[in-house]
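Please keep the model open beside the text.

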Amino acid sequence: MGNSKADKCLDGTEKEKNEYQEGNGTEGGWPHFGCNLTGDHKNYGANPNSDAMELAWDNRLSISSTSAMRPLIRDDVVYVGWQSITGIGKLYALDANRGEQKWVAEYEGGALLPGSVMEDSIYAGSPDGIHSFSVETGELSWSFRPEGDWKFVGGVRGIDKLYAFGISKNKIDGLYAVDPETGEIEWEFRSSDISGLFAVQGDSVYTGGGGNIHRISKVDGSEIWSVPMGYGYKSGQIVANGETIYATGKSNQEKEEKIFAIDDSCGQMEWSVVSKDEKSWMGMAANPEELYVSVQREGTKNAYGTAEMIALDRDGGSRLWTIKLENMRYASVELGNPIIVGDEIYVGGLQRRANRSDIAYFNVIGIDLPEGTPVPGQTHRREIDKTIKISEEPMYVSPPSIVAGKDTIYTLAGGVISAMR
């Protein structure tokens, strides 16, 4: 009789099966850059109480930081890294309950960006390779340095492999599967404009490159499917959310940005949403029903920057609700990457004020799904449930990054890590 219609794609080809797993291995921690290897920025084991949240501790570290830096959390230890003003890479291990330093590792080769903490090692990228450090002492165990001239090398550790990306100075980037014990390359995938924010799900790795979104076999690095984004597009963040793969992309030629939703089984575009009014997609977090996106419009000489949070319906990309952030007087507002914790969304914010100290904070938004079927063009207006101030500084580089532990929200802003519970 053959396969049923449900087993085939619209073009009649067989669906590519994948073994999807729920990202339930975080156990209240944040062990990977995107919390889970899928990059969905959803913590499945945390339960902070935002109604009674206050500062538990903070620690000013001798590193700079931007919203691209994110702490990792495992076994009641917080790991933070980047570089000092002299360019020395630093990786800190802090007690999650009190913020006290357990150890600090230094690396003369430049900034250290933590990607994953697994078993007895933490893996951090740098301008010349990925390095494995002992979680107990901070001692350097081994380094993976792919051949080439790189701007930065980073990655995440899966159960069986280390997945590393290399951003090249010579246009052709690389994605590698590496033996986590020896640092030997098992396979490589080369393309221009490889996405550093790739995702790992089931038997595949998902990344952008060469104007396309690619699904790559974890076994041998072969390409399973490739979906074009459009003329001049370069991918940003990738999120694997079961049957749907989300990606952000930007085209300097077309002067536009899009969010793409791809059917994973068929490698076919389901829908795309174009940004409007010179707005940029700053970050995504996903659950099975919705995609939450922070949106930014940069300030100009004649106008202050604005920001908003939106929710998109998974099935068709219709906008379910919009929250427009309020600007303080003479200030531009900026947002970081949202995260999902239980039934709430957390997102770091920044009020960049003229001739006054900037204010870093985070917003809390309750997740409530609108009733009925989404209607294109009809958007439910929402408001922020609560805003919690972190600190003030003369100038921040970017909004704070934010992650969730068991009962604590951790933020990193201006080289200061804070714990709120």
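One cavity of 30 Å³ or more turns up in this structure. A cavity here is a set of points, on a 1 Å grid over the protein atoms alone, where a 1.4 Å probe fits but cannot get out. Grid points are joined across faces, edges and corners, and a volume is the space filled by probe spheres set on the points. Before going further, a word on the source: this is a predicted model, in which local features need pLDDT of at least 70 and side-chain atom pairs count only at pLDDT 80 or more, while totals for chains, interfaces and linings use all residues. Residues are numbered from 1 along each chain as its sequence is written, and side-chain values use heavy atoms, with hydrogens and water left out.

**Cavity and pocket**

The largest cavity holds about 30 Å³ of space, and the residues that line it are Ser67, Arg70, Gly336, Asn337, Pro400, Ser401 and Ile402. Lining residues have an atom within 4 Å of a grid point. A pocket, by contrast, is an open set of points with protein on both sides within 12 Å along at least five of seven lines. Strand S11 gives the most, with four residues. Strands are DSSP runs of E with at least two residues, numbered from the N terminus.

The two linings can be set out by residue class. Ala, Val, Leu, Ile, Met, Phe, Trp, Tyr, Cys and Pro count as nonpolar, Asp, Glu, Lys and Arg as charged, and the others, Gly among them, as polar.

| Space | Nonpolar | Polar | Charged |
|---|---|---|---|
| Largest pocket | 19 nonpolar residues | 18 polar residues | three charged residues |
| Largest cavity | two nonpolar residues | four polar residues | one charged residue |

Now look at strand S16 (residues 204–209), where six of six residues are buried; buried means under 20% relative accessible area, exposed over 50% and partly exposed in between (1.4 Å probe, protein chains only). Ser204, Tyr206 and Gly208 are buried on one side of S16, and Val205, Thr207 and Gly209 on the other. S16 runs antiparallel to strand S15 (residues 199–201), joined by three bridges, and Gln201 stands opposite Ser204. Two strands pair if DSSP finds at least two bridges between them. S16 is also antiparallel to strand S17 (residues 212–217), this time through six bridges, with Gly209 opposite Asn212.

Each hairpin has two residues between its strands: in that of S15 and S16, Gly202 takes a positive phi near 60 degrees, and in that of S16 and S17, Gly210 takes one near 65 degrees.

S3 and strand S4 (residues 77–83) share three bridges, and Arg74 faces Val77 across the pair.

A second open sheet, also of four strands, is ordered S7-S8-S9-S10 with antiparallel pairing. S7 and S10 (140–144) each have a single partner strand, so one side of each is left without a neighbour in the sheet. Five bridges join S7 to S8 (residues 121–125), where Ala124 is the bridge partner of Pro114.

Finally, most residues other than glycine have a negative phi. Asp76, in the loop between S3 and S4, has a positive phi of about 60 degrees and is partly exposed at 36% relative accessible area. Lys171, in the loop between S12 and S13 (172–178), has a positive phi of about 80 degrees and counts as exposed at 69%.
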